[in-house]
Amino acid sequence: MKFQLANPDGWFEALRVGTFPNETEDAAGKKVYVAQVVRPETLNLLVSNWRKMGSPELLIDRDHHSGDKDKTTDAMGWLTDLRVENDRLLARAKWSEDGERMLTGGAYRYCSVVLDTDYEAGQPESAGASRGNRARVTPLYLSSVALTNIPAIGGLKPISNRAPSPAPITEKPTAETMDLSKLATELKLPAATTLEDITVEVIRVNNRLAAADKATTDETLTRLKNRIPAGQEQFFRDGLTANRAPTLALLESLPEQGAQEPAPTARVHNRGTAGAKTAPPGIKEGEGDAPDMKAQQDKHLLELRNRMPSAKRADLVLQAMAEKPEIWAA
């Protein structure tokens with residue numbers, strides 16, 4: 001069965017107004033039951049905050065692999081634009097070859113957003129302890145998107161639909177199929193190896209390289225764990241994976257950290273079996289000056305965006321932490 005993109009121009013429904021139950025974990029690893037409250041103004045805030053950060057291209061992976069340190073973060077595409085239409089948040093994707101193949105092949109049809117949220121005020125301390133007593137959280141930032149087949153937020157249109165059956169055609173040999181022997185030789189496979197076997201071997205090679213990169217990153221994080229500010233291990237893991245040299249230099253320049261309080265802000269993966277992810281640094285419950293610290297961080301990022309308009313968000317954050325570690329290590 002073949003599928004086709006519902007919108008060839010890349011637009012798809014990413015989020016809608018409503019209240020959606022989910023689960024996450026706090027910084028101590030304890031399960032927290034939450035209810036994501038998405039209002040019409042929430043959708044506009046997500047677009048506004050994304051634009052304030054310079055409209056960075058956001059990763060679209062599959063099944064939230066980027067949130068699991070044991071899995072690769074191959075891009076299925078990149079989110080390039082956002083807009084609000086009625087009660088829906090629409091996102092525009094620039095699909096990678098792998099992503100388009102997954103969608104048109106029927107492997108994936110839906111999306112799941114990762115939202116950085118904050119707890120609503122005025123809730124009892126017991127909120128979040130059970131499914132019947134969920135903590136209310138409000139989305140503030142869109143962090144990433146994943147292709148999935150088990151979305152936690154229902155009622156969204158699929159990204160791909162079944163395509164009409166094309167007329168049968170007779171395939172002719174191409175230069176690529178006739179030259180497989182050279183590729184097989186490079187992979188140390190028999191010259192008569194089929195395209196399917198070559199594909200399997202390429203995947204094995206990529207997995208071995210990914211495992212080696214992961215082992216190197218794990219060793220670095222273990223060796224420098226006393227320099228990592230509370231709640232920022234995943235940030236440095238992502239940085240070491242994507243751009244190792246400057247991230248390592250920044251990490252080695254940080255002072256050793258004392259005891260840090262966990263940040264209460266929750267990051268929620270919106271798929272049916274969403275994995276947990278610790279929250280990024282943000283407002284700490286009970287700290288009167290924490291909102292001001294967050295405002296300083298946002299202001300600094302905007303200043304850097306004006307100075308470095310073509311830089312990616314990850315590079316901006318690295319530069320920010322290098323220039324003003326006192327407001328990022330909190």
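Mentor: Glu 13 is found in strand S2. The model is a predicted one, and what follows should be read with that in mind. Glu 13 has a relative accessible area of 13%, which is under the 20% cut-off, so the residue is buried.

Two polar contacts of the Glu 13 side chain can be described. One, of 3.0 Å, joins the side chain of Glu 13 to the side chain of Arg 88. In the other, the Glu 13 side chain reaches a backbone atom, the nitrogen of Lys 157, at 3.0 Å.

The ring centres of Phe 12 and Trp 95 are 5.8 Å apart and their planes meet at 35°, an angle between the limits of 30 and 60 degrees, so the pair is classed as tilted. Phe 12 and Trp 95 are both buried.

Another ring to look at is that of Trp 11. Arg 83 lies over its face, 4.2 Å from the ring centre.

Helix H1 is a separate element to inspect. H1 runs over residues 40-52, and at 1.5 Å a residue its 13 residues should span 18 Å; the end C-alpha atoms are 19 Å apart, which agrees. Its buried residues are Thr 42, Leu 43, Leu 46, Val 47, Asn 49 and Trp 50. These residues lie on the same side of H1, because they cover an arc of only 165° around the axis. Just after H1 comes Gly 54, with a positive phi of about 90°.

Of its 330 residues, 38% are buried. Among contacts between residues at least 6 apart in sequence, 65% join residues at least 24 apart. For Glu 13 itself, the points to keep are its burial, the polar contact with the side chain of Arg 88 and the reach to the backbone nitrogen of Lys 157.

Note on methods
Residues are numbered from 1 along each chain as its sequence is written. This is a predicted model: local features need pLDDT of at least 70, side-chain atom pairs count only at pLDDT 80 or more; totals for chains, interfaces and linings use all residues. Side-chain values use heavy atoms; hydrogens and water are left out. Helices (H or I, at least four residues) and strands (E, at least two) are DSSP runs, numbered from the N terminus. The expected span of a helix is 1.5 Å times one less than its number of residues. Buried means under 20% relative accessible area, exposed over 50%, partly exposed in between (1.4 Å probe, protein chains only). The arc is that of the directions from the helix axis to the C-beta atoms. Rings of Phe, Tyr and Trp (its six-membered ring) pair if their centres lie within 6.5 Å; planes under 30 degrees apart count as stacked, over 60 as edge-to-face and the rest as tilted. A charge sits over a ring if NZ of Lys or CZ of Arg is within 6 Å of the ring centre and within 35 degrees of the ring normal. A polar contact is a pair of N or O atoms within 3.5 Å; within protein, one must be able to donate a hydrogen and the other to accept it, and residues adjacent in sequence count only if both atoms are side-chain atoms. Contact means heavy atoms within 4.5 Å.
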